[in-house]
Amino acid sequence: VIEITDEEIRRLGEFLYRRTGMVYSISKRYYIERRIADRLAATASPSFETYFAKLRADVGGEIEKFVNAFTVNETYFNREDHQLRCLTKDLLRERVATGQAAGQLRLWSVPCATGEEPYSIAMWLLDKWPLVDTYNIEICGSDIDTDVLVAAQLGIYGKRALMRLPEQVIDRYFHKVTQDSWQLIDELRGSVRFSAVNLVEPTQMKNHGLFDVIFCRNVLIYFDDASRRIAAENLYDSLLPGGYICLGHTESMSRISPLFEVCRFEDGIVYRKPGARP
Ligand SMILES: C[S@@+](CC[C@H](N)C(=O)[O-])C[C@H]1O[C@@H](n2cnc3c(N)ncnc32)[C@H](O)[C@@H]1O
């Protein structure tokens, strides 16, 4: 681990914030120093200044690697599963009842990290949603971190990622690779489309089209008010009229943006883009 000055931390933080919306302040010094030490070693940079020059010039695609090094990718299957219950019990029921789905349903897990969230949605729909075969369902998973997207496509997970899944679900949808790793069956891996996206970049977000339901969980906690607002506006533009957003349980749209309606369902609070009701 190297030692860097407060001013260097400020410059790195500013660089990262402008590209990702994530805020890293001096209070995360140890976390920052560990990651920067790795990047200095990987790029054979003898000093912070040499590294920062390479980063700014994007030598060898360093910006992407730098961003990947700073993301926090913590996730697991069936995290906050009350929202999955809400999805099948209330959100999809309403999308279908209003006829807004018109045979097609598009769901987006952004950010998806290593894929546990979009795959959980896919398994949940297969197991618990009677209309699963009636609709053409598209599930997309996106993240800014290109390393996690590679892992998501591979679909190999350890015990910790699977801890919330019932035994029968693991038996049905995974095969054992080693003593303590399991791979998702091909059918499921093929059911989610993965792509890189930056939540604070409107053009990248718009490229993905419009969705019925978006899961945007446990990322806004890393942002500040300004980047949260930009992300909220981009998410709003990515929703069909009447479409829903699920946030993490510590996150609230009400404090970020007035664009959405708050919907209280039995299994949780979600946010809705205003639009036609039945
Ligand atoms: C803690 S994970 C959340 C994963 C999953 N949604 C969950 O709740 O379990 C946060 C993810 O946000 C991603 N992320 C951070 N900034 C982002 C941005 N500007 N655009 C898209 N994804 C971002 C990170 O790469 C990381 O994988």
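## Reading the model

Helices (H or I, at least four residues) and strands (E, at least two) are DSSP runs, numbered from the N terminus. Aspartate 127, for instance, is found in helix α6.

This is a predicted model, in which local features need pLDDT of at least 70 and side-chain atom pairs count only at pLDDT 80 or more, while totals for chains, interfaces and linings use all residues. Residues are numbered from 1 along each chain as its sequence is written, and side-chain values use heavy atoms, with hydrogens and water left out.

## The ligand and its surroundings

A polar backbone atom of threonine 20 lies 2.8 Å from a nitrogen atom of the ligand, and an N or O atom in the side chain of asparagine 198 lies 2.9 Å from a nitrogen atom of the ligand. Asparagine 218 places a polar side-chain atom 2.8 Å from an oxygen atom of the ligand. The protein buries 99% of the 610 Å² that the ligand exposes when taken alone, with accessible areas from the Shrake-Rupley method and a 1.4 Å probe, only the protein chains shown counting as cover for residues.

The space taken by the ligand is the largest pocket. On a 1 Å grid over the protein atoms alone, a pocket is an open set of points with protein on both sides within 12 Å along at least five of seven lines, whereas a cavity is a set of points where a 1.4 Å probe fits but cannot get out; lining residues have an atom within 4 Å of a point. A molecule sits in either one if more than half of its atoms lie within 2 Å of its grid points.

## Backbone features in the loops

The peptide bond from valine 110 to proline 111 is cis, with omega near 5 degrees, and proline 111 lies in the loop between β1 (104–109) and α6 (116–128).

Aspartate 58, in the loop between α3 (48–57) and α4 (62–70), has a phi near 55 degrees, which is a positive value in a residue other than glycine. Glutamate 80 likewise has a positive phi, near 45 degrees, in a residue other than glycine, and its place is the loop between α4 and α5 (81–97). Are these two residues buried or exposed? Aspartate 58 counts as partly exposed because its relative accessibility is 34%, whereas glutamate 80, with a relative accessible area of 11%, is buried; buried means under 20% relative accessible area, exposed over 50%, and partly exposed in between (1.4 Å probe, protein chains only).

## Contacts around arginine 95

Aspartate 212 lies in strand β7 (residues 211–216) and counts as buried because its relative accessibility is 1%. The side chain of aspartate 212 makes a polar contact of 2.8 Å with the side chain of arginine 95, and it also reaches the backbone nitrogen of arginine 106 at 2.8 Å.

Arginine 95 takes part in a further contact, in which its backbone oxygen lies 3.1 Å from a polar atom of the side chain of threonine 98. Threonine 98 lies in the loop between α5 and β1; its C-alpha is 9.3 Å from that of glycine 242, although the two are 144 residues apart in sequence.

## Distances along the chain and in space

Serine 181, in strand β5 (residues 181–184), is buried because its relative accessibility is 13%. Aspartate 127, which counts as partly exposed at 34% relative accessibility, has its C-alpha 9.0 Å from that of valine 169, 42 residues apart along the chain.

Glycine 209 lies in the loop between α11 (202–206) and β7 and is partly exposed at 28% relative accessibility. Glycine 209 and arginine 56 are 153 residues apart in sequence and 31 Å apart in space, C-alpha to C-alpha.

Note on methods. Polar contact = N/O pair within 3.5 Å; in protein donor to acceptor, adjacent residues only side chain to side chain.
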